[in-house]
Amino acid sequence: MSLYKGTELLLESPQQLKALANETRAKILRILEDGPASAKQLSGLLEMTHGKVGHHVKVLREAGLIEVVEERPVRAVIERFYGLSHDHLRFGNKNSDRLQFTLAQAAREAVPTSSQPFDPPGVFLTVRMSREHAADFHRRVLALANEFKDNGDDKADNVYGFTASVFLTDTPSPRSGK
């Protein structure tokens, strides 16, 4: 079951980035990709107290990343089920350091290298090339990212991440005089 509404959430505030930067909150968002869950269910899955999960849920709600999708009376209380408020996220603030945030988030989510199914699990390269050539690589990386996203399987047991970027470095170049 998927709650995706085809909506895009524009990330523009420091509050949203702070909410995303926490490992527990990132796990909650990944769990909710599979469908709604209550704080009690999240507590069990994350092996955390209900109070701690409640705090993280509150931060995610205040940042607009999740919302209440259902309420059910359970004995003397109302149990709330949370779902994603978006289909996908997009950085909107040009002033936020999107590249550093994205790479740091990928590093937080990745399991240790010894548990990775592929060898090597990733590469880091710097190459001297023209801006036009780099722009072509960037376009192809974005196409590959879209292909990765479109080939997701809701029935699969494992969740894989994909991060890639073509970016200008501050490596000194003898040709530019820096």
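The secondary structure of the protein chain comprises six helices and five strands, where helices (H or I, at least four residues) and strands (E, at least two) are DSSP runs numbered from the N terminus. The model is predicted, so that local features need pLDDT of at least 70 and side-chain atom pairs count only at pLDDT 80 or more, whereas totals for chains, interfaces and linings use all residues. Residues are numbered from 1 along each chain as its sequence is written, and side-chain values use heavy atoms, with hydrogens and water left out. From the N terminus on, the order of elements is β-α-α-β-α-α-β-β-β-α-α. Of the 178 residues of the chain, 22% count as buried; buried means under 20% relative accessible area, exposed over 50%, and partly exposed in between (1.4 Å probe, protein chains only). Among contacts with a separation of 6 or more, 61% are made by residues 24 or more positions apart, a contact being heavy atoms within 4.5 Å.

Three strands form an open sheet in the order β2-β4-β3, with antiparallel pairing; two strands pair if DSSP finds at least two bridges between them. Strands β2 (37–38) and β3 (66–74) stand at the edges with a single partner strand each, so one side of each is left without a neighbour in the sheet. Strand β2 is joined to β4 (residues 77–84) by two bridges, and Ser-38 has Phe-81 in β4 as its bridge partner. The antiparallel pairing of β3 with β4 extends over eight bridges, and Val-68 stands opposite Tyr-82 of β4. In a regular strand the side chains alternate between the two faces of the sheet. A hairpin with two residues between its strands is formed by β3 and β4. Arg-75, in the loop between these strands, has a positive phi of about 50 degrees although it is not a glycine, and counts as exposed at 80% relative accessibility.

Helix α4 (residues 50–62) lies across β3 and β4 and runs at about 130 degrees to β3. Axes are lines fitted to C-alpha atoms, for helices over the stretch in contact, and angles run from 0 to 180 degrees between N-to-C directions. Helix α4 also packs against α2, at an angle of about 75 degrees and with the axes 10 Å apart. This angle makes α2 roughly perpendicular to α4; angles under 35 degrees count as roughly parallel, over 145 as roughly antiparallel, 65 to 115 as roughly perpendicular and the rest as oblique. In the contact, Thr-24, Arg-25, Ile-28 and Leu-29 of α2 meet His-55, His-56, Val-59 and Leu-60 of α4. By class, four nonpolar, three polar and one charged residues take part, with Ala, Val, Leu, Ile, Met, Phe, Trp, Tyr, Cys and Pro counted as nonpolar, Asp, Glu, Lys and Arg as charged, and the others, Gly among them, as polar.

Within helix α2 (residues 23–32), the buried residues are Thr-24, Arg-25, Ala-26, Ile-28, Leu-29 and Leu-32. An α-helix has 3.6 residues a turn, so residues three or four places apart point the same way. The N-terminal end of α2 is capped by Asn-22, a side-chain oxygen of which lies 2.9 Å from the backbone nitrogen of Thr-24.

The loop between β4 and β5 (88–91) contains Ser-85, which is buried with a relative accessible area of 18%. Apart from neighbours within four places in sequence, Ser-85 is in contact with Thr-7, Leu-9, Gly-64, Leu-65, Ile-66 and Glu-67. A polar atom of the Ser-85 side chain lies 2.5 Å from the backbone oxygen of Gly-64. His-86 is found in this loop between β4 and β5 and counts as buried at 7% relative accessibility. The side chains of His-86 and Ser-85 are joined by a polar contact of 3.4 Å; a polar contact is a pair of N or O atoms within 3.5 Å, of which, within protein, one must be able to donate a hydrogen and the other to accept it, and residues adjacent in sequence count only if both atoms are side-chain atoms. The backbone oxygen of Leu-65 lies 3.3 Å from a polar atom of the His-86 side chain. His-86 and Glu-8, 78 residues apart in sequence, are 5.5 Å apart in space, C-alpha to C-alpha.

Two further loops show backbone features. Glu-47, in the loop between α3 (39–46) and α4, has a positive phi near 55 degrees in a residue other than glycine; Glu-47 is exposed, with a relative accessible area of 72%. The peptide bond from Asp-119 to Pro-120 is cis, with omega near -5 degrees, and Pro-120 is found in the loop between α5 (98–109) and α6 (131–150).
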